Amino acid sequence: MKQINRIKIKTAGALRQRGFTLLELLVVLGIIAMLAGIVGPQVMKHMGESKTKAARVQIEDLAAALDMYKLDLGRYPTSEQGLSALIESPDNANRWNGPYLRKAKMPLDPWQQEYRYVSPGEHGKFDLYTLGADGKEGGEGEDQDIVSWE
């Protein structure tokens, strides 16, 4: 008989200590919210910087492909031909030896906009750029233009 009473007492004690109190849950949620408030802005800052760096790398890759195009044809594609001349042979391009990009589709910038290409450029043989996160000329930080001539 004593054996049965002990089991009941242990079971009742275990049931009381199973869950968390409302106060404990609120304290944990408060700590998580405080950490998110501190860490969140830093994470978002680094995401913007990484998109800017990715755009710079893509512009360098496209500029290298444009240089290969020039080696084969003796000139850069015109503004009318655009960057698509790196993927598909333009009319009257007998020495075209492309495609000059690995993929058959022109890459978009990290903000899902097309890269801008002008040839001849105002700043060099060609101008290759993206308008950044805001899609407008100029800007600062994540909104700044990323260009091939700087």
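**View 1. Strand β2 and the directions of its side chains.** In strand β2 (residues 127-130), D127 and Y129 point one way while L128 and T130 point the other way, and all of them are buried. Buried means under 20% relative accessible area, exposed means over 50%, and partly exposed lies in between, with a 1.4 Å probe and protein chains only. Strands (E, at least two residues) and helices (H or I, at least four residues) are DSSP runs, numbered from the N terminus. The model is predicted, so that local features need pLDDT of at least 70 and side-chain atom pairs count only at pLDDT 80 or more, whereas totals for chains, interfaces and linings use all residues. Residues are numbered from 1 along each chain as its sequence is written, and side-chain values use heavy atoms, with hydrogens and water left out.

**View 2. The sheet built around β2.** Three strands form an open sheet in the order β1-β2-β3, with antiparallel pairing, and the edge strands β1 and β3 each pair on one side only. Two strands are taken to pair if DSSP finds at least two bridges between them.

**View 3. R116 in strand β1.** R116, which lies in strand β1, is partly exposed, with a relative accessible area of 40%. Not counting residues up to four places away in sequence, R116 touches D127, L128, Y129 and L131, where contact means heavy atoms within 4.5 Å. R116 and S79 are 37 residues apart in sequence, and their C-alpha atoms are 9.4 Å apart in space.

**View 4. The largest nonpolar core and L83.** The largest nonpolar core has 23 residues, of which L66, L83, L86 and L128 touch the most other members. Such a core is a set of buried Ala, Val, Leu, Ile, Met, Phe, Trp, Tyr and Cys residues joined through side-chain atoms within 4.5 Å. Helix α2 (residues 22-73) gives the largest share of this core, eight residues. Leaving aside its neighbours within four places in sequence, L83 is in contact with L62, L66, M106, Y115, Y117 and L128.

**View 5. Aromatic pairs.** A search of the whole structure finds five aromatic pairs. In one of them, the rings of W96 and Y100 have their centres 5.7 Å apart and their planes at 85°, so the pair is edge-to-face. Rings of Phe, Tyr and Trp (its six-membered ring) pair if their centres lie within 6.5 Å; planes under 30 degrees apart count as stacked, over 60 as edge-to-face and the rest as tilted. W96 is buried, with a relative accessible area of 18%, and Y100 also counts as buried, at 15%. Y117 and F126 form a tilted pair, 6.1 Å centre to centre with 40° between the planes, and both of these residues are buried. Y69, W96 and Y100 form one aromatic cluster.

**View 6. The whole chain.** The chain has two helices and three strands, which run α-α-β-β-β from the N terminus on. Of its 150 residues, 25% count as buried.
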